[in-house]
Amino acid sequence: MSDAIIRTKGLTKEYGRGATLTRALKGVDLEIPRGSFCCIVGPSGHGKSTLMHLIGGLDRPTSGSVEIDGQEMFQLGGKELAALRAKKIGFVFQFFNLLQSLTAAENIEIALMLAGVPEARQKARAKELLALVGLSEKAGSKPGQLSGGQQQRVAIARALANDPPVLLMDEPTGNLDSAAEAEVMAVLEDLNRKGKTVILVTHSSEIAARAGHLVRVRDGNIDRG
Amino acid sequence: MTPAKLVFKNLTRRKGRFVFTLLGIVIGMGSFVTFMALGGSLKGQIEQESAALGANLVVTPKGSCAYEQVSILTGEQLPTTITAQEVEAIRSIPGMTAIPYLAERSAIDNRPVSVMGVLPAETLAFKGWKIASGSYFDSKDTQGAVLGSILAEQFGLAAGGEVRIRGEQIPVLGVLSETGGKDDLTVFLSLPVAQKLYQQKDNVSYVAVQVDKLDEVDLYAQKIQEKVSLGVVSDKQMLKQVLSIVGTVNVTLQLIAAVAILAAAFGIVNTMMTATYERKREIGILQAMGATRGGIFRLFLLESGVYGLLGGIGGAVLGTAASILAAPYIAQNAATSFVKGSQTSADPLMLIGAVLFSTLVAMVSGLYPAWKASNLSPVEAISYE
């Protein structure tokens, strides 16, 4: 597979020391094809989230490397890594994705602000992104006034703010009912069709069944098959 | 969205906490500004009074200390132990002008005022007074009073009226032009009239001396001490001593205010630490979106800085108002009796300095919480629920 947008080599993560040493990942080699809809599945505590954090550059590995879009991540300093995160990856988490004191539009503007987009252009782009996830009329609503599904759609819109090639999500539908889950999945599949690489960590076998590319994590290793 | 707007939204999301933390700073800075303003005006007034005294040397009762010297500048009552013989002995020294004063207190409408017994012609020449209305004493023992301009205005007195001093009705002869000093708040009587009224025989409180040759001022001091056994102090020494007392009082007051500011600073630390814990997850989200450690640090530091800026402005307003309102109420003792009327000096430079100082203190207070916030690992922050 030559055109991989994410490539890990010997990715290892250990927590603690001596007797309490836990090896969360044990030398993972992984390639995720550009433009794929990839699901990372596996039992709780087997290293799914750790893998996701490392792929997203939120944490540093004990050893091994992660390459995104041809760029080796962990040779970068903190500042450059933060800039790379902003440019290449849009994150969506399971809970409390949004800043509660800000409106839906403002939540998106923050991501643009952090990428250095001038304020005047932020508003137009936020409007455009909310339209993309079907929430134009909710621009002025605070997270508390939105349903769970709507909140996650705002989070997806925000993840798209800087037009990153990769969307990285940790159980984005984990605490949604099935109707809301369908809402969110429809948005994600649409984005995938438009060329985004979507990487989802999930427990749901239904969602995993829709994935074009499946990665099973078991005991800190990739379970091929 | 700009960092400034984000900071403002973060500050005001817990309105109660924001207001109470801010109040701490406002009160701390307010007391600081009040004391600075009162202290500043006190110092200015003392310098002005010293100049208005117009003396190079002051002869005071034997063994008098700095407190009496303060009284000379403030118009408080003094021990009246210098005799007429001693005054005559001083006045007989050639090459200088010596003017005796009897400083007493009375009350008009239950409000304390200074009463001064003076040698009419000599004092007029010595002080360079101008008469604003009415007339001046026409002899050295004229039965009548000449009033300072502010005092006349305060009590609605004018030439032709009467003022009651020690139970006696005394005709008002005239009112002096404004001098800008405590003379404006004083009732002047001719020395014999004042001595009789206060039963001081022929004693006086102090003698102001002007020498003809300023570079020989020490020599004259020596000459006076050879003639009479009294204390002699130069105007510069006196000013220095009085200012050092006032300075000590000021520093003490400012230290008290500093404690208030310190307490308020810990209020900011507390509020910002709470915010750091409360927003742990948000910090993680910001980091995931590409915020750098420096960016998070600046956001939190800016937030605490705003407390200092707003608190400093509030404190400057509160302190200025308090110093104006408080001035008349603390005017009844020697060290503060200058701050009569509404003369406080909240000078703009001091106020700007106070606002900057407050902002600086708040930002220093915010360093630790900001450092804590910026050092959260993204994973730790996101995993926090």
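Good morning. The domain assignment of chain B gives two domains: domain 1, made of residues 3-46 together with 243-383, and domain 2, covering residues 62-229. The C-alpha centres of these two domains of chain B lie 47 Å apart. Please bear in mind throughout that this is a predicted model.

Let me begin with helices in chain B. Helix α2(B), residues 15-53, packs against helix α12(B), residues 348-374, at an angle of about 150°. The axes of α2(B) and α12(B) are 11 Å apart, and the crossing of α2(B) past α12(B) is right-handed. Which residues in α2(B) and α12(B) meet? From α2(B) come Ile25(B), Met29(B), Phe32(B), Val33(B), Met36(B) and Gly40(B). Facing them in α12(B) are Met350(B), Leu351(B), Ala354(B), Ser358(B) and Ala362(B). As a general point, an α-helix has 3.6 residues a turn, so residues three or four places apart point the same way.

Helix α12(B) also holds Leu367(B). This residue has 15 other C-beta atoms within 10 Å, and therefore counts as partly exposed. Leu367(B) and Arg298(B) are 69 residues apart in sequence, yet their C-alpha atoms lie 9.5 Å apart in space.

The buried residues are Arg281(B), Glu282(B), Ile283(B), Gly284(B), Ile285(B), Leu286(B), Gln287(B) and Ala288(B). Their cover includes elements from both chains: α2 (78-88) and β6 (89-92) of chain A, and α11 (293-326), α12 and α13 (378-383) of chain B. Just after α10(B), Gly290(B) takes a positive phi of about 110°.

That brings us to the contact between the chains. Here 20 residues of chain B are in contact with 27 residues of chain A. On the side of chain B that touches chain A, the elements giving two or more residues are α1 (3-12), α10 and α13 of chain B. The largest share, four residues, comes from α10(B). The residues on this side of chain B divide into nine nonpolar, five polar and six charged.

Now to chain A itself, which has seven helices and 10 strands. Its C-alpha atoms fill a box of roughly 50 × 40 × 40 Å along the principal axes. How does the radius of gyration of chain A agree with that of a compact globule? For 225 residues, a compact globule would have a radius near 17 Å, and chain A has 17 Å, so the two agree. Buried residues make up 48% of the 225 residues in chain A. Of the contacts in chain A with a separation of 6 or more, 71% are between residues 24 or more positions apart.

Finally, I return to chain B and to Asp184(B), placed in the loop between β7 (168-176) and β8 (186-190). Why does Asp184(B) count as buried? It has 22 C-beta neighbours inside 10 Å, and the cut-off for a buried residue is 20 or more. Leaving aside residues up to four places away in sequence, Asp184(B) touches Gly148(B), Ser149(B), Ile150(B), Leu151(B), Glu178(B) and Thr179(B). Of these, Leu151(B) is 33 residues from Asp184(B) in sequence and 6.2 Å away in space, C-alpha to C-alpha. Thank you for your attention.

Terms used
Residues are numbered from 1 along each chain as its sequence is written. Chains are lettered from A and ligands numbered from 1 in the order in which they are written. This is a predicted model: local features need pLDDT of at least 70, side-chain atom pairs count only at pLDDT 80 or more; totals for chains, interfaces and linings use all residues. Axes are lines fitted to C-alpha atoms, for helices over the stretch in contact, and angles run from 0 to 180 degrees between N-to-C directions. A crossing is left-handed if the near helix is turned anticlockwise from the far one by less than a right angle, and right-handed if clockwise. Two residues are in contact if their C-beta atoms, placed from the backbone, lie within 7 Å. A residue is buried if 20 or more other C-beta atoms lie within 10 Å of its own, exposed if 12 or fewer, and partly exposed in between; C-beta atoms are placed from the backbone. Domain bounds come from an automatic or database domain assignment. The radius of gyration is taken over C-alpha atoms; the globule rule is 2.2 Å times the number of residues to the power 0.38. Ala, Val, Leu, Ile, Met, Phe, Trp, Tyr, Cys and Pro count as nonpolar, Asp, Glu, Lys and Arg as charged, and the others, Gly among them, as polar.
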